[in-house]
Amino acid sequence: MMMKTMVLKSLLQRSVALGSAGRRLVTRNIKLSSASTAKRWMSASSSSSSSSSGSSSSSSEREPTEYDSWSDEDVAAAVRDGRLKFFNLERDLEDFERAVRIRRSLVAEQSHGSFDDLPYEHYNYERVHGQCAENVIGYVPIPVGVAGPLKVDDKEFLVPLATTEGALVASTTRGCKAITESGGCKTYVTRDAISRAPVLQAPSSEVAVQVKQFVEEHLDQVQEQFNSTSRFARLQEVKAFVAGRLVYLRFRASTGDAMGMNMVSKGTDKALDFLTEKFPVDVLALSGNVCTDKKPSAINWIEGRGKSIICEAVITGDVVKNVLKTTVDDLVHLNYAKNLVGSAVAGSIGGMNAHAANIVTAAFLACGQDPAQNVESSTCMTLIEKTNNGKDVYISVTMPSMEVGTIGGGTILPGQSACLNMLGVKGSNHDEPGANARQLARVISGAVLAGELSLMSALSAGHLIRSHLALNRKSAPAQPTTDN
């Protein structure tokens with residue numbers, strides 16, 4: 001009973017800090033927590049975000065707990081009968097690897113097959129807890145290859161790519177060679193702002209329009225509220241969209257070297273408290289899908305989200321012939337037929353490219369970015385033209401919504417942090433906040449350019465299937481099957 005009281009008190013304290021939207025969320029979580037006490041141990045995991053917010057010290061520095069004398073089976077039994085919570089083992093045991101080991105044994109009791117090959121030992125779960133994942137039972141190793149060297153803005157990089165697709169790293173490396181031997185690529189960041197767009201409901205369209213007019217005419221007042229929540233978040237603009245009596249306010253803010261979703265959400269919530277005191281409107285949700293996060297949308301393609309970036313290069317005719325094994329004419333014509341006309345026939349939004357998502361996702365996984373944001377981050381238009389009297393190729397990729405950061409989220413994990421360090425962009429740039437995140441976007445856009453160049457060359461020369469058969473279809477030892 002005492003523990004339940006402490007948890008509820010903690011939730012209420014958090015609600016004060018979170019503002020009106022947070023208060024509604026926390027109230028809902030308290031109700032869910034009370035309703036779930038009679039359910040089985042696994043069912044309680046859905047409320048872990050509110051119930052396990054407390055931090056735990058590492059096992060090497062902590063004070064002994066009562067559970068140190070318990071066997072793993074004693075702890076597992078306590079979870080089964082409800083004395084301990086499945087999702088709170090890290091907090092209660094204060095030994096992260098042991099918590100993972102015991103949770104694995106509990107999951108194994110309900111698993112449809114063995115997962116012994118999923119590793120869990122020798123991992124820094126202290127960095128995971130409270131930030132990257134809940135109900136952890138291990139980690140999935142993904143091979144990391146390097147593509148390059150790639151010359152971006154007169155500096156060479158080896159680009160880490162985490163992937164299980166054979167030929168991807170090799171192909172991208174070929175593109176890197178073509179770019180670097182031709183003098184490198186240049187990048188231009190045209191916009192740098194993450195967005196959050198809550199949805200408000202007014203009593204009438206008249207009031208909805210009044211809210212729109214206010215935020216447009218008094219942006220300085222909204223900025224004052226928003227900017228007060230962070231040293232780095234700076235509100236650039238608010239665009240209002242009215243549909244009936246619903247108002248969608250698209251806040252766009254710079255957030256230093258962080259990708260910025262938490263920062264912009266916190267600032268938006270403070271601004272909403274200010275607006276709801278002035279107008280009789282209800283905040284239906286902090287996100288009304290006009291942001292737009294992790295979904296394809298025309299607004300991201302047109303207005304941008306995160307880093308809007310262009311990367312370009314001129315590839316000499318000799319390199320096209322000797323490295324890419326194709327011709328200038330074939331490259332240009334295929335890009336027109338495939339990436340431009342083909343994408344138009346498909347009705348694609350931001351899909352005017354060959355495989356930008358391949359490189360973006362591999363770089364995101366290696367560098368601790370949110371892989372789900374590949375949806376908008378890989379929107380890309382690839383343009384290929386003749387230049388220098390038709391002897392060389394001009395190629396560019398335009399990517400309006402690359403959402404990256406070099407602090408926070410998965411960037412704190414050891415392997416991902418090492419990949420960022422390899423690129424020289426780990427953590428915050430204290431001299432120029434935001435410069436590290438922009439540099440990461442520049443490198444990724446250069447890798448996308450390399451990937452586009454190489455794949456389009458392989459397609460135009462008819463080499464694609466040959467390379468995949470050589471690098472992606474190697475016979476593997478027979479694996480045992482699971483008997484059902």
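Predicted model: local features only at pLDDT ≥ 70, side-chain atom pairs only at ≥ 80, totals over all residues.
The secondary structure of the protein chain amounts to 18 helices and 10 strands. Among contacts in the protein chain with a separation of 6 or more, 72% are accounted for by residues 24 or more positions apart. Aspartate 330, which is found in helix H13 (residues 328–346), is 126 residues from methionine 456 in sequence, while the C-alpha atoms of aspartate 330 and methionine 456 are 9.4 Å apart. Aspartate 330 counts as partly exposed, because its relative accessibility is 38%. Arginine 231, in the loop between H9 and strand E5 (234–243), and threonine 255 are 24 residues apart along the chain, and their C-alpha atoms are separated by 9.0 Å. With a relative accessibility of 70%, which lies over the 50% cut-off, arginine 231 counts as exposed.

Two packed helices are described by the angle between their axes and the distance between the axes. For H7 and H17, the axes are 7 Å apart and the angle is about 105 degrees, a value that falls within the range of 65 to 115 degrees, and H7 is therefore roughly perpendicular to H17. On the H7 side, the residues that meet H17 are Ser171, Thr172, Arg174, Gly175, Cys176, Ala178 and Ile179, and their partners in H17 include Gly446, Ala447, Ala450, Gly451 and Leu453. By class, the residues of this contact between H7 and H17 divide into 9 nonpolar, 7 polar and 1 charged. Threonine 172, which has its place in helix H7 (residues 168–181), counts as buried because its relative accessibility is 0%. When its neighbours within four places in sequence are left aside, threonine 172 is in contact with Ala147, Leu161, Ile359, Ala447, Ala450 and Gly451.

A further helix pair is formed by H8 (residues 205–217) and H9 (residues 219–227), whose axes come within 5 Å and cross at roughly 80 degrees. At this angle, H8 and H9 are therefore roughly perpendicular to each other. The contact brings Phe214, Val215, Glu216 and Glu217 in H8 against Leu219, Gln221 and Val222 in H9, and it comprises 4 nonpolar, 1 polar and 2 charged residues.

In soluble globular proteins, nonpolar side chains tend to be buried together. In the present model, the largest nonpolar core has 56 residues, and those with the most contacts inside it are Ile179, Ile315, Ile444 and Val448. Helix H17 (residues 435–461) contributes the largest share of this core, with 11 residues. A second, separate core has 30 residues, among them Val222, Phe226, Val264 and Ala271. Within the largest core, Ile315 is one of the residues with the most contacts; residues up to four places away in sequence not being counted, isoleucine 315 touches Ala178, Ile179, Ser182, Val320, Leu324, Asp392, Val393, Ile395 and Leu453.

Most residues other than glycine have a negative phi, and most peptide bonds are trans. A cis peptide bond, with omega of about 5 degrees, joins glycine 148 and proline 149, and proline 149 lies in strand E1 (residues 144–152). The peptide bond from cysteine 291 to threonine 292 is also cis, with omega near -10 degrees, and threonine 292 lies in the loop between strand E7 (282–285) and helix H11 (298–303). The loop between E7 and H11 also holds lysine 294, which is not a glycine and yet has a positive phi of about 65 degrees. Lysine 294 is partly exposed, because its relative accessible area is 35%. Alanine 167, likewise a residue other than glycine, has a positive phi near 85 degrees and is placed in the loop between strand E2 (155–162) and H7. With a relative accessible area of 12%, alanine 167 is buried.

Conventions:
Residues numbered from 1 in each chain as written. Heavy atoms only, no water. Axes fitted to C-alpha atoms, helices over the stretch in contact; angles between N-to-C directions. Helix = DSSP H or I, 4+ residues; strand = E, 2+ residues; numbered from the N terminus. Parallel < 35°, antiparallel > 145°, perpendicular 65-115°, else oblique. Contact = heavy atoms within 4.5 Å. Nonpolar A, V, L, I, M, F, W, Y, C, P; charged D, E, K, R; others polar. Buried < 20%, exposed > 50% of the residue type's maximum accessible area, 1.4 Å probe, protein only. Core = buried A, V, L, I, M, F, W, Y, C linked by side-chain atoms within 4.5 Å.
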